[in-house]
Every structure is written in C-alpha cells, then in structure tokens.
Amino acid sequence: MTAYVISEVEMRDPDGFEIYRALAAKTIAQYGGRDIVRGGRAELAEGNPPPKAIVIVEFPSMARLKEWYASPEYAEALKVRAGALERRLLFVEGAAPAT
C-alpha cells in the first residue's frame, strides 16, 4: 500500500533551502518516491492556522518511506535542513484500492 510524506514547510534560508531540496529530491527518487505536491498555492477551507507551503511525496509503501527517512543518503539532506527550514512532517498510509 502506498504511503505519503506530508510536510508543512516554512523557509528560513533560501540558499540552504535550495541545497536541501536538491539533496532530498535525489534521495526520494533513489527510494522510489515521487513528488505529488511541491509548494503549490494552498487555500485554507476550514480551521486554523493558515497553511504554510505544503509538500506531499508518495512512496510505494510505508516500509520504503521509513527506509528513505532513516537512510544515510537522506541524513546528509537533514544536516542542511536544520538551518534552511522549519517543518511539520507526517507519515500517512494511503487508502487501500477499492474492490
């Protein structure tokens, strides 16, 4: 079953953000992930607070997603992320296919 990384992101350092994004993108592809949403315009329909930039990445499975997140390759991107952006990160299992 597919799994998703949902990030709510606030950029702190534009240069660092671009470095992080390039490093992360390479590792995401290496672990079978693909971008679904990358910072497109988000509109608040209900609730608070207003949304920040949203990123959604799809992986083939929760196991593969967790392999990516714990990987030494992504660890390099995480070192850059610390100063480049603030984020809230969620891992979500996808819905089972309808039968």
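Modeller: Start with one term: contact means heavy atoms within 4.5 Å. By that rule, the cover over the buried residues of α1 includes β1, β2 (34-38), β3, α2, α3 and β4 (85-93). Keep in mind that this is a predicted model.

Colleague: Which residues of α1 are the buried ones?

Modeller: They are Gly16, Phe17, Tyr20, Ala24, Thr27 and Ile28.

Colleague: What makes you say that they line one face of the helix?

Modeller: Look down the axis of α1. The buried residues fall within an arc of 100°, so they line one face. The face turned away from them carries exposed residues: Asp15, Lys26 and Ala29. As a rule, an α-helix has 3.6 residues a turn, so residues three or four places apart point the same way.

Colleague: Why is tryptophan 68 called buried?

Modeller: The cut-off for buried is under 20% relative accessible area. Tryptophan 68 has 3%, so it is buried. Tyrosine 74 has 0%, so it is buried too.

Colleague: Which residues have the most contacts inside the largest nonpolar core?

Modeller: Val5, Tyr20, Phe59, Leu65, Trp68, Tyr74 and Leu85 do, in a core of 17 residues. Elements giving two or more residues to this core are β1 (3-11), α1 (14-30), β3 (53-59), α2 (62-69) and α3 (72-84). α1 gives the most, with four.

Colleague: What does tyrosine 20 touch?

Modeller: Leaving out residues up to four places away in sequence, tyrosine 20 touches Tyr74, Ala77, Val80, Arg81, Leu85 and Arg87.

Colleague: How many aromatic pairs are there?

Modeller: Centres within 6.5 Å make a pair. By this rule there are six aromatic pairs.

Colleague: What makes β1 and β3 paired strands?

Modeller: Pairing needs at least two bridges. Seven bridges join β1 to β3, so these antiparallel strands pair. Tyrosine 4 stands opposite glutamate 58 in β3. Four bridges join β2 to β3, also antiparallel. There, arginine 34 has glutamate 58 of β3 as its bridge partner.

Conventions. Residues numbered from 1 in each chain as written. Predicted model: local features only at pLDDT ≥ 70, side-chain atom pairs only at ≥ 80, totals over all residues. Heavy atoms only, no water. Core = buried A, V, L, I, M, F, W, Y, C linked by side-chain atoms within 4.5 Å. Buried < 20%, exposed > 50% of the residue type's maximum accessible area, 1.4 Å probe, protein only. Arc of directions from axis to C-beta. Phe/Tyr/Trp six-rings, centres within 6.5 Å; stacked < 30°, edge-to-face > 60°.
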